[in-house]
There are 2 protein chains.
Amino acid sequence: MNSTMQNYQLTIGAILRHGQMIYGDSTVVSVGSAGRQSISFADVALRAKRLAAGLRALGVGPGDRIATLGFNTQAHLEAYLAVPSMGAVLHTANPRLHASELAYTIQHAGDRVLLVDAELVDAVTAILPQLPTVEHVVVVASSANAERAAVPQALRRSVDEHATQYRSYEDILAPAHSAAPWPVLDENAPAIICYTSGTTGEPKGVVYSHRALYLHSLGLTSAASLGLSERDRVLPIVPMFHANAWGLPYAAWFVGADLVLPGRDVRASAMCELIAAERPTFAAAVPTVWNDVLHYSTQSPVDLSSLRMILCGGAAVAGSLIDEFEARFAVPIIQAWGMTETGPLAALAFAPKHLHGATSQQWRARTGRVLPGIELRLVGDGGELPWDGAAVGEIEVRGPWCTGSYHHDPLPEKFDDGWLRTGDIGAVHPNGFIQITDRAKDVIKSGGEWISSVELESALMAHPDVVEASVIGVPDPRWQERPLACVVTRAGANITPQALRGFLASRVARWWLPERWSFVAEIPKTSVGKLDKKALRARHASGALTVHTWSE
Amino acid sequence: MNSTMQNYQLTIGAILRHGQMIYGDSTVVSVGSAGRQSISFADVALRAKRLAAGLRALGVGPGDRIATLGFNTQAHLEAYLAVPSMGAVLHTANPRLHASELAYTIQHAGDRVLLVDAELVDAVTAILPQLPTVEHVVVVASSANAERAAVPQALRRSVDEHATQYRSYEDILAPAHSAAPWPVLDENAPAIICYTSGTTGEPKGVVYSHRALYLHSLGLTSAASLGLSERDRVLPIVPMFHANAWGLPYAAWFVGADLVLPGRDVRASAMCELIAAERPTFAAAVPTVWNDVLHYSTQSPVDLSSLRMILCGGAAVAGSLIDEFEARFAVPIIQAWGMTETGPLAALAFAPKHLHGATSQQWRARTGRVLPGIELRLVGDGGELPWDGAAVGEIEVRGPWCTGSYHHDPLPEKFDDGWLRTGDIGAVHPNGFIQITDRAKDVIKSGGEWISSVELESALMAHPDVVEASVIGVPDPRWQERPLACVVTRAGANITPQALRGFLASRVARWWLPERWSFVAEIPKTSVGKLDKKALRARHASGALTVHTWSE
């Protein structure tokens, strides 16, 4: 007996058509230098078709790579829709990478065309000599002024130094009547390549298939997940070059949720103003952004009343941040867990319906449960570990939007019999709730026992005078390794290691209490806003940190 | 460039594991002769594994067909989970079919084992001589008493007449320790076969792949669709032998929504009692059931306050039914459109966020918008028609859970270049909202123009004294065809054709007003509760209907 089902391919083109045909009057609001502009899904879809025709006119064919270097804008969304749907591959390059890393990823992906925001053109021009595969730089400007400001200077350089052609984004859009129908594609064809901003070695490329992105998008609309629908207005503050803004642009488009794209300025003041004006129901960003919003709200009035939920991820979310948003704004922060390798969304920390003795807030401060689509196992040295909330091992996942290798770099040590080794260490509760205690590489092993840097950081962040905290392991003659707590305190606060130890004492095991403390002006961040422990360790190793040592 | 994604298969086994591991303490409530029983997902999953081992012990192997003949019960759910996950194919046979049709489907599917509810054993035994492929009849009883009552009589016959073995369901469940791990399956492997209760010709088999059912289930959890989640308690009144209870058992299991399975008695009194006691948040049934509930509520107090929505489909839903549920119970009835060939859910009639001049209720009384996953087009004699709310043609769909042929019966006339011809006739509004006016075979063509039987029925149902109405086309010497309205009136009502024509006059075009009227005790129904127009036409052709003719 054979299935009688249609042979239907799950593609970005299908997502594009659905948003266009069923939700054509949903809107995209985009913030640019000329202010906020609004456009319907139907018109964005038409422009995406014109973009595809324009790229074809530049010589782009099936399988070719097109990079974007841009903020969250309407044009970036058009590229998200057009490039995969025409059979090419979108490389959402990360402009916050170091120039040499950025050049590495563009070369590694073999990009032929760069779509670059006007503000970033000079940075690209500077590395063009290292980018022999690049034939065209297309300048995206939110206004004619911004384009004039960016292009002439770049053009001058190009004539002098390089054969690469500069074009204007609006100029390459083909006339509507010349746009061809979208091609029929295989769902396993590549659609997007993202590079992990790995804290070790060169960036590694994850190539999402159409199928993976389609299923991730559908998964995000599940009520067991983010529950996005036409009734939402989605504000992705997380950049579209950071794991595809966590998949929100595709998911929102698929179900006709309005999109509010914040452009370049995502400081707390700008975000609070945008939220008050556009009244999104849903916003997403790393913890740093929400911390900033919290501190901003102590000085200025803030209206977050339109938000039904905030999605927060990219790093562990402190329970205190969740509590403060609940108390001050009545907005639930739901933390997400995942990584470029997992689509990126793999788990969400909604409180389960049966609380099993914990409070709703306690569950939400843990890592979360895997989404429908993602499978989980916990692995220790001796094989699979039980989900008893106690056994600690590495989290492994598999699923239709998880990677099984890396572009031109299979890295077999990252995989285990078809499962992805996430590098996250933790326990799993009997109800499937993950509780991550560390990245494998951040684990602190003191006298043979593990100390969770994540739990120490979360406990420190609960102190009213602590703005940020990062805990790293440093060599110790007696215990092999001990925690060093690096803390950013609130301006004007006067707090001692002794007081912080006292604060921690009721929250973590006594032998976890750090003896080493460093008060720093800021915690270094990676290009996507995560605490950069590699940089912190380097500062400590070079003697650049002032360390106070204290114990009872 | 190739995708780096994992090769992950979308299977019922993955749904089974997700519900078991992440939502193990969600519950299934099942109504049987011994009352209501509750069991956790974890325990159901364990029993499904024991069932699979038991079926293997009976000789069932990959690709073998296992039929169920049963109501909505825990055992039926166990078969839903176990049979596809073990690599066999579940045939959800329809006990309401005529015996010869039932025998036809069992033979056509080649079923080796029948899992039969105790109350239905005698019906199966009666047709066993026509079922040479059947080797085992497994009797499912909700209590030991019911089993004793059913089995001995059947066993007696079996010894006398037939080599088929009778077993007890509880007896074939293997011990837990002997259950083997679930096999790894291809997502395109067959999982379930359903026969359409077509109103013409022999039943036709639709074979769902694992992939189709997985995607349909995930799609049903989308907030753009039913939005099922752990926070729901789902009451499928629609039978599990009717297009898989519209996919609700799998979707609910996938996201940990509790299931309330009503068993055999689904009369209004029993359903209202069950809803009041178990407080489901979501219930699904054909319009007849909700009409019955409405009439029951005029005599008895009814508490539907737990329901966040009612899903209603299988036939067009009268706007008056939607209005009355809104007014009397404050419960939204959302109508679904689809068919066995489309998973079955293809569209839902939620009011769109932009009402475009119509009211929310007006949109909800139309057919609906396609779900994410389903693509739609409207086709007339000259090709594709515009979505302008006026052009009328046949609705065609495609998508990952739509069929592309029939089991052992490709029926190419049902397909159009990869699209399924649904046989439904209507228009599509510019926002993608479908408005079906008729089944192709029910269309009434009067003087060369179409009259919508569906709209006439809906308009008639709005009359307070009309309980049910069905309109068919009958030959007419002048207009070729004219509508005959068959009406069931409320007990004690005294209403004339003249009054009903007057009532219709403000609601439909003047030339649509029927001249022919027949007051009947009931409208014949198909095995899945739809208005059976074929039977009505036959009654009319044989002169069995009393027809009043009246015109101004």
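Leaving aside its neighbours within four places in sequence, with which residues is B:Ser551 in contact?

**View 1. The surroundings of B:Ser551 in a predicted model.** When neighbours within four places in sequence are set aside, B:Ser551 is in contact (heavy atoms within 4.5 Å) with B:Arg501 and B:Glu515. B:Ser551 lies in the segment that follows strand E28 (548-549) of chain B, where helices (H or I, at least four residues) and strands (E, at least two) are DSSP runs numbered from the N terminus. B:Ser551 counts as partly exposed because its relative accessibility is 44%, given that buried means under 20% relative accessible area, exposed over 50%, and partly exposed in between (1.4 Å probe, protein chains only). The C-alpha atom of B:Ser551 is separated by 55 Å from that of B:Leu114, the two residues being 437 residues apart along the chain.

**View 2. The interface of chain A and chain B.** The contact takes 77 residues from chain A and 77 residues from chain B. Between them the two chains bury about 5700 Å², 55% of it on carbon and sulfur atoms; buried area is the accessible area (1.4 Å probe) that two parts lose on being put together, summed over both.

**View 3. A salt bridge across the interface.** A:Arg369 forms a salt bridge (a side-chain nitrogen of Lys or Arg within 4 Å of a carboxyl oxygen of Asp or Glu) with B:Glu230, and their closest N and O atoms are 3.0 Å apart. Across the interface of chain A and chain B, eight salt bridges are found by this rule.

**View 4. The two copies and their axis.** Chain A can be laid on chain B by a turn of 180° and a shift of 0.0 Å along the axis, with an RMSD of 0.0 Å, the copies being superposed by least squares on the C-alpha atoms of residues with pLDDT of at least 70 in both. The two copies are therefore related as by a two-fold rotation axis. In chain A, the C-alpha nearest the axis belongs to A:Ser222, at 1.9 Å from it. The same surface serves both copies, since 100% of the contact residues of chain A recur in chain B.

**Notes on the views.** Residues are numbered from 1 along each chain as its sequence is written, and chains are lettered from A and ligands numbered from 1 in the order in which they are written. In this predicted model, local features need pLDDT of at least 70, side-chain atom pairs count only at pLDDT 80 or more, and totals for chains, interfaces and linings use all residues, while side-chain values use heavy atoms, with hydrogens and water left out.
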